[in-house]
Amino acid sequence: MIKYLSLLKTTKPYKVIGADIAEGKLNHCYMLTGDDRVALDGLITLFAERILCDKDGCGECSVCMKIEDGNHEDIFEPKNLKADGIREFVDQVYIKPNGKYKVMILREIDKVDMKVQNFLLKSLEEPVDNVVFILGAERQTAVLETIKSRSKKLAVLPFSRYALEDYFAKKTAEYPNRALVKEAVDCCLGNLTRCEELLADEEYASDLTDIIFILKDMTSTRDNLKMQQRLGAVEGKLVRYLDMMQLIAGVLLKKLSGVRVDGFEKVNCLMDTFNIPALVNFNQLITEAKQKLENNCKESNVLDNLFIKLMEVKYLCR
Ligand SMILES: [Zn+2]
């Protein structure tokens, strides 16, 4: 069974492929775009089911079972994303399918080198009968324009908080830790991939709360040490804290700019602590701190330095 099936079936891309099939206008190439890997993967499988199953992608027949088990004879995915893998993949296009369609799946076309993406062009420019490509891309800028222009592009958008709450409300047995579910739904911003990560991370909520309080309370150098202690042993965890800070800064920036954010209410207490220029500065500081970590600076020094600069930023925005 495909994860988050009922949610995925409510998406616009899923409705579009259904309508295309119903109208006999199946496109030769679909490109699903968005930053939600879990949603992209689920939809790619659902698309294959819609195309190959005679019962509208029922999810139950032997065809759908084979698709979900990854062993349907008319579905091809490259064995790797390098030149040899893609070349072999493209060769498959010209071999007749066993059934009515052949489905060529490239889940991460944005991870294929642009030069290698060129191998695909011929089969997209001169579509082969009964062959359908399903491509997935998280970064559209990493995909050749010529491929994009020959694909029917479908954006996978974040799910509403209401839709996620509704989905998990029916899954109490599967997810008994309801407090964790609530946090994950609140903090994932409609992204299923993030939601999964949060559900698997029982310490996320308390760490996030700590970070928010630190950002709120830290006003003098005296607080610095106290705050570092609050974070506990920093070594090995700073990247995680920095990711959280960047996320908080991003959400706050949206909220302060008047962009509607579905969830993340716990950062509202910071709305009067930072203004927009301060957040932009803060974001820059986090990026610099990450670079220092990559250059193997000691984590406690990086954090110490970040906190001192953060206080300057906060001071300036008063
Ligand atoms: Zn089926």
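Trainee: How many helices and strands does the protein chain have?
Mentor: In this predicted model, the protein chain has 16 helices and five strands. Its C-alpha atoms fill a box of roughly 70 × 45 × 35 Å when that box is taken along the principal axes.

Trainee: What share of the residues is buried?
Mentor: Of the 318 residues in the protein chain, 31% are buried.

Trainee: And which domains is the chain divided into?
Mentor: The division gives domain 1, covering 5-155, and domain 2, covering 203-316, and the C-alpha centres of domain 1 and domain 2 lie 40 Å apart.

Trainee: OK, on to helix packing. At what angle do α12 and α14 cross?
Mentor: Helix α12, residues 204-217, and helix α14, residues 238-256, cross at roughly 65°, and their axes come within 10 Å. That angle makes α12 roughly perpendicular to α14, and the crossing in which α12 passes α14 is right-handed.

Trainee: Which residues meet there?
Mentor: From α12 the residues are D207, L208, I211, I212 and L215, and in α14 they meet Y241, M244, M245 and I248. Sorted by class, this contact of α12 with α14 has eight nonpolar residues, no polar ones and one charged residue.

Trainee: What about α3 and α11, how far apart are their axes?
Mentor: The axes of helix α3, residues 37-52, and helix α11, residues 192-199, are 5 Å apart, and the two helices pack at an angle of about 120°. In this pair, R37, V38 and A39 of α3 meet L192, T193 and E196 of α11, and the residues of the contact divide into three nonpolar, one polar and two charged.

Trainee: Changing topic, where does I2 lie?
Mentor: I2 lies in the segment before α1, the helix that spans 5-8.

Trainee: Why does I2 count as partly exposed?
Mentor: I2 counts as partly exposed because it has 19 C-beta neighbours inside 10 Å, whereas a residue is buried if 20 or more other C-beta atoms lie within 10 Å of its own.

Trainee: Which residues does I2 touch?
Mentor: Leaving out residues up to four places away in sequence, I2 touches L8, G42, T45, L46, G59 and E68.

Trainee: And how far apart are I2 and P78 in space?
Mentor: From C-alpha to C-alpha, I2 and P78 are 21 Å apart in space, and they are 76 residues apart in sequence.

Trainee: Last one, what share of contacts join residues at least 24 apart?
Mentor: Among the contacts in the protein chain between residues at least 6 apart in sequence, 71% join residues at least 24 apart.

Conventions: Residues are numbered from 1 along each chain as its sequence is written. This is a predicted model: local features need pLDDT of at least 70, side-chain atom pairs count only at pLDDT 80 or more; totals for chains, interfaces and linings use all residues. Axes are lines fitted to C-alpha atoms, for helices over the stretch in contact, and angles run from 0 to 180 degrees between N-to-C directions. Helices (H or I, at least four residues) and strands (E, at least two) are DSSP runs, numbered from the N terminus. Angles under 35 degrees count as roughly parallel, over 145 as roughly antiparallel, 65 to 115 as roughly perpendicular and the rest as oblique. A crossing is left-handed if the near helix is turned anticlockwise from the far one by less than a right angle, and right-handed if clockwise. Two residues are in contact if their C-beta atoms, placed from the backbone, lie within 7 Å. Ala, Val, Leu, Ile, Met, Phe, Trp, Tyr, Cys and Pro count as nonpolar, Asp, Glu, Lys and Arg as charged, and the others, Gly among them, as polar. Domain bounds come from an automatic or database domain assignment. A residue is buried if 20 or more other C-beta atoms lie within 10 Å of its own, exposed if 12 or fewer, and partly exposed in between; C-beta atoms are placed from the backbone.
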